[in-house]
Number of protein chains: 2
Amino acid sequence: MTQVAEQIAGYDYGTVPRSPVRLDELEQLKQAVGFMGDDPDNLQMASAILVPQAEEMVSAWRKKIGEQPHLLASFVGPDGQPDEGYKAAVKARFVQWVVDICTRPFDEAWLDYQDEIAKRHTPIKKNETDGAETPPVVPLRYLIAFTSVIITTAKDFLAKHGDAPERVDEMHVAWTKAVLLSLSLWSRPYAKESLW
Amino acid sequence: MTQVAEQIAGYDYGTVPRSPVRLDELEQLKQAVGFMGDDPDNLQMASAILVPQAEEMVSAWRKKIGEQPHLLASFVGPDGQPDEGYKAAVKARFVQWVVDICTRPFDEAWLDYQDEIAKRHTPIKKNETDGAETPPVVPLRYLIAFTSVIITTAKDFLAKHGDAPERVDEMHVAWTKAVLLSLSLWSRPYAKESLW
């Protein structure tokens, strides 16, 4: 099911540094979000519906970001204009994140890459991958807040295959849990170390 | 609609310090979570269903917390046992948070109180309100991860009045947005200041 996309610039899945988060800590986080039982199967079923729509989903989210100056600010270059090269590079990897969260096992490689994504939202590595000069951080407040859009808008995309509402709900629950698992890991480099 | 519960120990709504987050920043966060259009009305309708179930909801969440040692750890006293007095005091305020998020306007008083709640999850004020000796922080990773449970389990509670699935969905979307708005504000004292 996994779609490897090695042609995506900066998509270094499988070759990034080890996450400081241990696999047993990931297991605790999976428990905390409640990802269990039928959720893995439901997420896999969701993948069949979402993967073909992944680019459309990210385009919809990007549209919402573009309409809000406080969100768009993270993509703006020194000239005050959106850095289109950076936007395009990040978008390709954002699309692949949708694919990965639906299709990759939540294993060491996935854990490592979530930490890499986390760092790329903060001064540790933002801009580095793409040689860009946008602001050094996507503020944590917006990272968390916009997760609401990523969760709520997925429902309509999941419903597009005409599945029964209960099936759509089950897939949406699995999606919600997986997204918040990801967000929890992405928050690490923002936090004071003893508080994460 | 608001149910004021002045008898709840430590429930200092309306009398806590001013949040460092400005009202215009709250407005930006409301945009970022997508709380707009019919969402306020849908949340108000949800309140009629959820407020009478608020204690039951929190009990269900507490049960899940109690089953996970890594989550329960935040409620444990120096003797290694759960601090039942602290648990009970926090629970009453947690129930009231459900009531407030459904019924209070997202205004300065609400903003101020979200920051107070935020501080009570961190070394700034955890334990202070209740004179407890539990660990000094609810780790950010779990605060975020457990939001998944608060979001996903609300659906069944919302469905209990037999509303049409579309109505339940609309109320659930509003709930999801409001909860993530709250979470975004709660993350503030965890973050390095320039990254929030």
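The model is predicted: local features need pLDDT of at least 70, side-chain atom pairs count only at pLDDT 80 or more, and totals for chains, interfaces and linings use all residues. Residues are numbered from 1 along each chain as its sequence is written, chains are lettered from A and ligands numbered from 1 in the order in which they are written, and side-chain values use heavy atoms, with hydrogens and water left out.

Start with the pair of chains. Two copies of a chain are related by a rotation about an axis and a shift along it.

Now the interface itself. In it, 40 residues of chain B are in contact with 40 residues of chain A; contact means heavy atoms within 4.5 Å. The buried area between the chains is about 3,500 Å², and carbon and sulfur atoms give 62% of it. Buried area is the accessible area (1.4 Å probe) that two parts lose on being put together, summed over both. R141(B), I144(B) and L195(B) supply 19% of the area that chain B buries against chain A, more than any other three residues.

Next, look inside chain B. Helices are DSSP runs (H or I, at least four residues), numbered from the N terminus. Two packed helices are described by the angle between their axes and the distance between the axes. Axes are lines fitted to C-alpha atoms, for helices over the stretch in contact, and angles run from 0 to 180 degrees between N-to-C directions.

Helix α6 (residues 108–120) of chain B packs on helix α9 (residues 165–186) of chain B at an angle of about 60°, with the axes 8 Å apart. The two are therefore oblique to each other. Angles under 35 degrees count as roughly parallel, over 145 as roughly antiparallel, 65 to 115 as roughly perpendicular and the rest as oblique. The crossing of α6(B) and α9(B) is right-handed: the near helix is turned clockwise from the far one by less than a right angle. From α6(B), the contact takes W110(B), L111(B), Q114(B), I117(B) and A118(B); from α9(B), it takes L181(B), S182(B), L185(B) and W186(B). These residues divide into 7 nonpolar, 2 polar and no charged. Ala, Val, Leu, Ile, Met, Phe, Trp, Tyr, Cys and Pro count as nonpolar, Asp, Glu, Lys and Arg as charged, and the others, Gly among them, as polar.

Helix α1 (residues 23–33) of chain B also meets α9(B): their axes come within 9 Å and cross at roughly 135°. This crossing is right-handed. L26(B), L29(B), K30(B) and V33(B) of α1(B) face K177(B), L180(B), L181(B), S184(B) and L185(B) of α9(B). That contact has 6 nonpolar, 1 polar and 2 charged residues.
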